[in-house]
Amino acid sequence: MKHAVVVGASAAGLAAAETLRREGYDGTLTLIGEEIDPPYDRPPLSKQILASDWDADRLALRTLEQLTALRLDLRLGARATGLDRAERVVRLADGTVIPYDGLIIATGVRPRRLPGVGAHVLRTLSDALTLRRRLRPGIRLAVVGAGFLGAECAAVARGLGCDVVLLEPAPVPLAHAVGEQIGRVLSQAHREHGVDLRTGVAVSAVTDTGVLLTGGELVEADEVLVAIGSQPNTEWLDGSGLEIADGLVCDQYSAAAPDVYGAGDVARWHNPLFGVPMRVEHRTNAAEQGMAAARNLRYPDARKPFAPVPYFWSDQYDMKIHAYGHLRGSNEVAVVDGDLEQRRFVAAYRSGDRLVGALAVGMPPKAIRRWRQAVVTGTAWKDK
């Protein structure tokens, strides 16, 4: 392999590039990123950056010296617009054509939007800084979507003295991700902190004065944040022959085709640990899959399945939330330590007859670590 190309210069793409160098790859290594900023960390955008606890320069994943040491052909502010697998080239918006022998696709996701103009989304540093400038005491903020991103932003805005209305179409926020019982517990924290949480309501459009509900009601707001999920950045792969279905479809090795791998939020791969396809939009998975894809690209005769236990965390008010495993679609949730009412507990998740995950709220890290190992070993639910 003489020329490796990584498309996507965030956590997954950077991890892939670093791993290639660490594993002895000495050829040309091109890293392409659509944003003009060098690789930076995204989880703090909805927490420390939005709250003004951090300056933007703390987000950098690597120093300039560290990036230089990787000997990258670094293309920032460059958007990939096409992939020709027959010619083995990536095409950029400015007309540049970049050849490759090995390719890692890590183009991530972008926020879904609503009809209308003027709403904020939160994916990039620019998004976070723009919203941060608008959040002042007394400002009324409407947050559309009470998933983890919307909930984190609502919590920060309340801490800044904003009036917050949080709008969610589901009867129980986060029930699809963590179960109805846990979703109710997390929702109660928002209500106790003064958030006007409205469930079972759908927003049809953003207006100059707030958001319009599907029934015609106008919810007035000075600022609107839309946090209704994301869309994988795969349009540039149209015509490439790669399979696209809620992301770039990959096998258990994170391979989408010979010499082409996916990593991070954009990749939907078969996780053999759970026996199901999954696409994980969490920071830890991005780095781990970037490394795994790079190793498999580097050593095609010694490939290893990518079979992680997904991990995510969230900060909301004084609640620290940690989770391991594949929680969605579980058949049963059981509190195995602590107390739900005090919001200090560990909950275990069952799928079939197997333990598939655990979530902790307000507990020390050691309280949940052992559950990760139990998921890895496929512990039976009765033996949890």
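Modeller: A cavity is a set of points, on a 1 Å grid over the protein atoms alone, where a 1.4 Å probe fits but cannot get out; lining residues have an atom within 4 Å of a point. Points are joined across faces, edges and corners, and a volume is the space filled by probe spheres set on them. The model is predicted, with local features requiring pLDDT of at least 70 and side-chain atom pairs pLDDT 80 or more, while totals for chains, interfaces and linings use all residues. Residues are numbered from 1 along each chain as its sequence is written, and side-chain values use heavy atoms, without hydrogens and water.

Across the whole structure, the search returns 1 cavity of 30 Å³ or more. The largest cavity holds about 50 Å³ of space. Its lining is formed by Ala146, Ala151, Leu166, Pro173, Leu174, Gly183, Leu186, Ser187, His190, Leu197 and Gln316. Helix H6, residues 180-192, supplies the largest share of that lining, with 4 residues. The cavity lining comprises 7 nonpolar and 4 polar residues and no charged ones (Ala, Val, Leu, Ile, Met, Phe, Trp, Tyr, Cys and Pro count as nonpolar, Asp, Glu, Lys and Arg as charged, the others, including Gly, as polar).

A pocket is an open set of points with protein on both sides within 12 Å along at least five of seven lines.

Helix H1 (residues 11-22) and helix H7 (residues 283-298) have axes that come within 7 Å and cross at roughly 35°.

The chain as a whole has 8 helices and 26 strands (DSSP runs of H or I with at least four residues, or of E with at least two, numbered from the N terminus). Its radius of gyration, 21 Å, is close to the 21 Å that the globule rule gives for 384 residues, so the chain is as compact as a globular protein of that length. That radius is taken over C-alpha atoms, and the rule is 2.2 Å times the number of residues to the power 0.38.

How values were computed: Axes are lines fitted to C-alpha atoms, for helices over the stretch in contact, and angles run from 0 to 180 degrees between N-to-C directions.
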